[in-house]
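Here is a short briefing for a first look at this structure. Keep the view open and check each point as you read.

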Amino acid sequence: MTRFSALSLVRNALSGNRDWDQQWPDAQPKTEYDVIIVGAGGHGLGAAYYLAKEHGITNVAVIEKGWLGGGNTGRNTTIIRSNYLYDESARLYDHALDLWEGLSQELNYNVMFSQRGVLMLAHNVHDVQSFQRHVYANRLNGVDNQWLTPRQAKEFCPILNISPDARYPVMGAALQKRAGTARHDAVAWGYARAAAARGVDIIQNCPVTAIRRGANGAVEGVETARGFIRAKKVAVSAAGHTSVIMETAGVRLPLESYPLQALVSEPVKPCMPCVVMSNAVHAYMSQSDKGELVIGSGTDQYTSYSQRGGLPLIEHTLAAICEIFPTVTRMRMLRKWGGIVDVTPDRSAILGKTPVPGLYVNCGWGTGGFKATPGAGHVLAWTVAKDEPHPINAPFTLERFTTGRLIDEAAAAAVAH
Amino acid sequence: MSRFRVTGKGRVDHHAPVRFTFDGKSFFGLRGDTLASALLANGVHLVGRSFKYHRPRGIVTAGSEEPNALVGTSRGRGRFEPNTRATLQELRSGLVAESQNRLPSLKFDVGAINDALSPLFSAGFYYKTFMWPKGFWDKVYEPVIRAAAGLGRAPETTDPDRYASRHAHTDVLVIGAGPAGIAAALAAAKAGAKVVLAEETAEIGGALLSDPEVVIDGAKAWNWIAARAADLAESGVRVMTRTTAIGYYHQNMIGLAERLTDHLDSVPENAPRERLWRIRARHVVLAQGAIEKPLVFHGNDRPGVMLAGAAQTYLHRFGVRVGDSAAVVTSHDSAWHAAFDLQDAGTGIAVIVDTRTDVREDLVAEAERRGIRLRLGHTATGTDGRLRVSALRINPLRDGSVGNGTKVFCDCVLMCGGWTPSLHLFSHTKGTLKWDAENTAFLPDRKSEAVEIAGAGRGLWGYGAALDDGAKAGALAAEALGLSAAAPTHDVRQDRPGTGTAHEELPTDHDRGHTRAFVDFQNDVTAKDIRLAVREGMRSIEHVKRYTTTGMATDQGKLSNINGLLIASNALGKEPPKVGLTTFRPPYTPTTFGTFAGYHRGAHFEVTRKTPIDSWAAENGAVWEPVGQWRRARYFPQGSEDMDDAVARECRAVREGVGLFDASTLGKIEVTGPDAAEFMNRMYTNPWTKLAPGKLRYGVLLGEDGFIRDDGVIGRISDHRFHVTTTTGGAARVLNMMEDYLQTEWPDLDVWLTSTTEQWAVAALNGPKARTVLDGLVEGLDISNEAFPMMSVADCTVAGIPARLFRLSFTGELGYEINVPARHGRALWEALMEAGKAHGITPYGTETMHVLRAEKGFIIVGQDTDGTVTPDDAGLDWAIGKAKPDFVGKRSLARPDLVAQGRRQLVGLLTQDGKVRLDEGAQIVDDPNQPTPMKMIGHVTSSYHSATLGRSIAMAVIENGRARMGETVHVPTGKGVEAAVIASAVFYDPEGGRAKL
Ligand SMILES: Cc1cc2nc3c(=O)[nH]c(=O)nc-3n(C[C@H](O)[C@H](O)[C@H](O)COP(=O)(O)OP(=O)(O)OC[C@H]3O[C@@H](n4cnc5c(N)ncnc54)[C@H](O)[C@@H]3O)c2cc1C
């Protein structure tokens, strides 16, 4: 595989860019693998990469029903942060953030991780209490997060409206400076390329239709549109469709699937230096390197597998954006889209073993799992390789919904993403 | 008058010049021009620079699919906007336009250095570099890339314009007012349907506006249009021009954006700039026509190279010749007609190049008659010129090989690579498409909504076909509604049907690794970029799109998608449908944020809910606090008091005399019916069966997970009627939850739920003198402690107003909550203030209420609880009806973790230094000297200065807190560490005697 570098760019430019290798080959399924990962999103591809790299397990297939990275990995607004409230979450997301910081070099693929800071606005006394609680907890957990006055927030993001006369005035903001954004497609492609280089098969256009279990109850492999493929270990990482697949192995998951919409504006010159999120009004915005304002909203109100979101939510989101940033009303929405997000009762992921021997699950990331991609992939690989959870994902069990040991980030602050 | 303006042609007013400026230079156009046609009339083709390579670019199209001619426009302060399509912007007097993405000027742009380095900037190059040194990406490389990217500049001032929105219903909505759309609207309307006809541009007619010689039923095109406009009006069709259908949603709900003022010379007072329509139609007819495809060849992006159909439109609709000498390159018949029309208007046709050898005889004969040089079976392989095309290079095609090239001099190139049916809206419905190999186009296949597609939108070519098909679609739509309809046929003369072939990159004698044949003009994606993406393993068209960014520019792939697909499928050696088409996403044309926000701006962003007593509070200097959508009086400062002073004074008044509080925002739900008590038993943790009418009880509501969701005092008004109160923020949630259970779990229960939050105004009278104040005002009820003890409810009149009187206390003092019909709220309030005057009655706000309840250890759900707190954690175990068979959350309360040791329990916390007030949200540790990450054992939920106690008080949740009374814990504040002692959360009057006076 050609190493990507400025030098290789120059060399290839001179030869008409004719000699670039395939970033990943179009693998045909073998009859058997050591590990099968269902779902070629960032999480699944990441897990395959770390299985090969850190655990020496290279006889691995990632099986994808469509094109790799085409699920929520390729549809999200790419906000990355780790200032979560609970110790368990802080540890997981901070682990991911540590990996983000070296990911481009690790993968030899520029994932454009940009630590431009994420600002979360407080609009009422309740928000202030809640964000302060986060700031305090994060500090003691060694996670950076600081409290800003409205004026400081405006200095950080000059187009912010901090007028006290606003319908929902800004009363302060929590800022995580290490937080930021990355290029979502590059994450999927970078992991795919690096995993493929280590021998992982990436099989696209191949829906997994069922998980097959043997007489002893353990996993035997997966049924796919291209036939049965054998494996003693199967990890399902299929976001909004995970519950459907797990059901075929007899495992019921506490997931609800909702459409979540996002949109971009036409591109403009830089006007927005950071990410701003406002929970009270349900909107958030950043600016991509291309110059598009990237805007996200809350989930649609009803569960659905349809990737068409409704119009009312977009109206509300843009009204909120125009409130927070009053200079953008004449900007235009270029396109909007939706993804199906898998939401657990406590809004935290399920990542670990299942009651079925050899079957592992990674799901429930809901509206905010992009930021976890390297971390989730990393600990999922560990869990599969060692058949026991990594200490970081040990609390994120399926059993917690029976024991009540929830990690309730939503309840704590109703904070998304 | 410019020599490019053709007198007597076009729908412009040749006697009405309109002045405008472009990049500071003054020009004249005509009334009826678009900015693009006015610029072309002045000989200006160069209007912008491309995104990546900063290549000079000219106008390519005449419609909303324009990729290049994007300009900044302004009309005074706050009315600047970037990326306006010059092809859609109607000329208005004084229009100020500027080119974009160039430095320092359009003609000389330093960014063009990128063009020289373009081999380096191949598709996806940025994924392959800028990785070293680590950490340089967002500090060094990214800022440079960001500054170079983006098209126009963002607006910097607040927009003074208003935006509007409206809903409408119709039987049939026809989208697109070309011949097919007009025929459809008329057929449906004549059958008796209510019809709306929406058109993106300023007038109806569509392609016919650019083909005036066509004769329909004996009338020339424009006369036919005028006559049909009258017909439409007469048949009651609502014609909406300047209205773009932007999105097609579930169940035939269409979003449309109507532009109301951008075309006017001056902005009318108080008129909205744009209006969002949400039209629900019983049937929809999509008649959006087709969009012309560019040809992909080296140098096809030079200013002066444009679509042949666009040139025809500029000629006929605007009376503008796009040049003096045109070279035509085509693979479709339609461009031949454009060439003939331009020649008639005085533009020389340097050559017609057709890639086909086999062209319709009548066209060839006509061209020969006109003396036009023809090159059939030829390809175009390059253009000359820097800021404007000066020559086209053409080569013969022989048995698959490309012969030697010759140059044809020209000042414009008109290209046509065929036409793409416009199916964006159809795609929004998730209707499926099928590949038509003969027309190399996707056509509509399976429908998922009640919709017809008519005319060129489903691949029919020629006016006759479009008209008849439109009429048929209109009739079908009407028939689907149960009307009987007829579909008239049309007699069309001078029709211009046509066929053609499609190409990927045109054959060339250049090395294809070095050609610059553009597919996506705005995003600078070339054919070789697409081939590179395929070579690098991108096999799905979605990957190709994302890797190269083709189709992701502001024209949303309207020009580039099919060409990109053909090139990719060729490189992959697969049929186009196997490679797939990328999903079209709303909106059809980029639409302003303001249009979506509509009326919801400023104070109207969300309704501000105000209580009936709000006006009094406003007049009396209240400082407000937003709580959900409500605004509530937080405190009432006097003189120079700050919040602490005011709250201390208000607290003292309640503890020593009497205070009055507006509690109207509390959620209120009336639960009635024979099974009301049973319903309450199942919803709330408490037992309700034995609560006697006339009595109150504090109720706790859990979620299914066993955690506290809401609380409130609930009165039993009669056997079958409960007056439930909820938290202010929880009202809607609780009602929803109740309805959900009632409708889905217990439909057998005979219960009705009614939200009464806004029916009642509530004044809370608290303090040792509360009864004294109230006594003189109450009629019909003995309110002595014996007759009306704590936790009673009764109807009576207060100050002559019918009232529902609660006796309860959220402050720890003797207290009453007086509920009266909302319209009497202020009168009640004033009567109480008047009656209390002699006793020093003091109005108090939410902040004081918070302090008073914290002194008593009463929780606020959402502040002292956070959705992870059980009743036992909060010290509310007593509120659980243990004997009840079930209630929401009961089963979860038995889960192992909910009964485990070490849960965080609500306690009081007293700082060692009583002057120190902890921050709410501060975390608590046992050992402040441990290394990070620290083991946190809880956090501060409420914290105030208590004037009554003369020190700070706090509430906190702490692991095993109730077993640790008197122990010292630590609160790292960021500046230091505060030591605090765990205490009972009831700081004041622990016996509770004061409320029972
Ligand atoms: C609009 C939107 C905005 C978001 N914004 C953010 C944000 O700002 N920050 C953030 O951190 N997160 C965000 N998220 C969430 C984030 O995108 C996801 O949590 C994350 O990308 C999940 O990654 P994944 O790899 O688990 O899932 P996916 O990328 O969805 O991958 C799952 C894959 O499984 C495949 N699959 C499904 N069924 C089968 C089957 N039967 N057989 C084979 N393959 C199958 C799917 O095709 C898919 O490719 C957002 C999500 C959306 C929709």
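Start with a helix of chain B and its partner in chain A: the buried residues of H3(B) pack against strand E14 (283-287) of chain A. The model is predicted.

**Helix H3 of chain B**
- Helix H3 of chain B spans residues 137-148, and B:Trp137, B:Asp138, B:Glu142 and B:Arg146 are buried there.
- Seen down the axis of H3(B), these buried residues fall within an arc of 75°, so they line one face of the helix.
- An α-helix has 3.6 residues a turn, so residues three or four places apart point the same way.
- B:Lys139 and B:Val144 are exposed on the other side of H3(B).

**Chain B overall**
- Chain B contains 23 helices and 53 strands.
- Its C-alpha atoms fill a box of roughly 115 × 70 × 55 Å along the principal axes.
- Chain B has 997 residues, and 64% of them count as buried.
- Take the contacts in chain B between residues at least 6 apart in sequence: 66% of these join residues at least 24 apart.

**Helices H11 and H13 of chain B**
- Helix H11 (residues 527-535) and helix H13 (residues 561-572) of chain B have axes that come within 9 Å and cross at roughly 45°.
- That angle makes H11(B) oblique to H13(B).
- The crossing of H11(B) and H13(B) is right-handed.
- From H11(B), B:Ala527, B:Ile530, B:Arg531 and B:Val534 take part; they meet B:Gly564, B:Ile567, B:Ala568, B:Ala571 and B:Leu572 in H13(B).
- The residues of this contact divide into 7 nonpolar, 1 polar and 1 charged.
- B:Ser569 also lies in H13 of chain B.
- B:Ser569 counts as buried because its relative accessibility is 4%, under the 20% cut-off.
- Beyond neighbours within four places in sequence, B:Ser569 is in contact with B:Lys574, B:Glu575, B:Pro576 and B:Val579.
- B:Ser569 and B:Val793 are 224 residues apart in sequence, and their C-alpha atoms are 78 Å apart.

**Helices H2 and H10 of chain A**
- Helix H2 (residues 42-55) and helix H10 (residues 373-386) of chain A pack at an angle of about 55°, with axes 7 Å apart.
- H2(A) and H10(A) are therefore oblique to each other.
- Their crossing is right-handed.
- Residues of H2(A) in the contact include A:Gly46, A:Ala47 and A:Tyr50, and those of H10(A) include A:Gly377, A:Leu380 and A:Ala381.
- The contact of H2(A) with H10(A) divides into 10 nonpolar, 7 polar and 2 charged residues.

**Backbone details**
- Most residues other than glycine have a negative phi, and most peptide bonds are trans.
- B:Leu103 and B:Pro104 are joined by a cis peptide bond, with omega about 0°.
- B:Pro104 sits in the loop between strand E7 (95-98) and helix H2 (113-116) of chain B.
- A cis peptide bond also joins B:Pro586 and B:Pro587, and B:Pro587 is in the loop between helix H14 (576-579) and strand E33 (591-592) of chain B.
- A:Asn17 has a positive phi, near 50°, in the loop between helix H1 (6-14) and strand E1 (32-38) of chain A.
- At 6% relative accessibility, A:Asn17 counts as buried.
- B:Gln494 has a positive phi, near 55°, and is exposed, with a relative accessible area of 55%.

Terms used: Residues numbered from 1 in each chain as written. Chains lettered and ligands numbered in written order. Predicted model: local features only at pLDDT ≥ 70, side-chain atom pairs only at ≥ 80, totals over all residues. Heavy atoms only, no water. Buried < 20%, exposed > 50% of the residue type's maximum accessible area, 1.4 Å probe, protein only. Helix = DSSP H or I, 4+ residues; strand = E, 2+ residues; numbered from the N terminus. Arc of directions from axis to C-beta. Contact = heavy atoms within 4.5 Å. Axes fitted to C-alpha atoms, helices over the stretch in contact; angles between N-to-C directions. Parallel < 35°, antiparallel > 145°, perpendicular 65-115°, else oblique. Left-handed = near helix turned anticlockwise from the far one by under 90°. Nonpolar A, V, L, I, M, F, W, Y, C, P; charged D, E, K, R; others polar.
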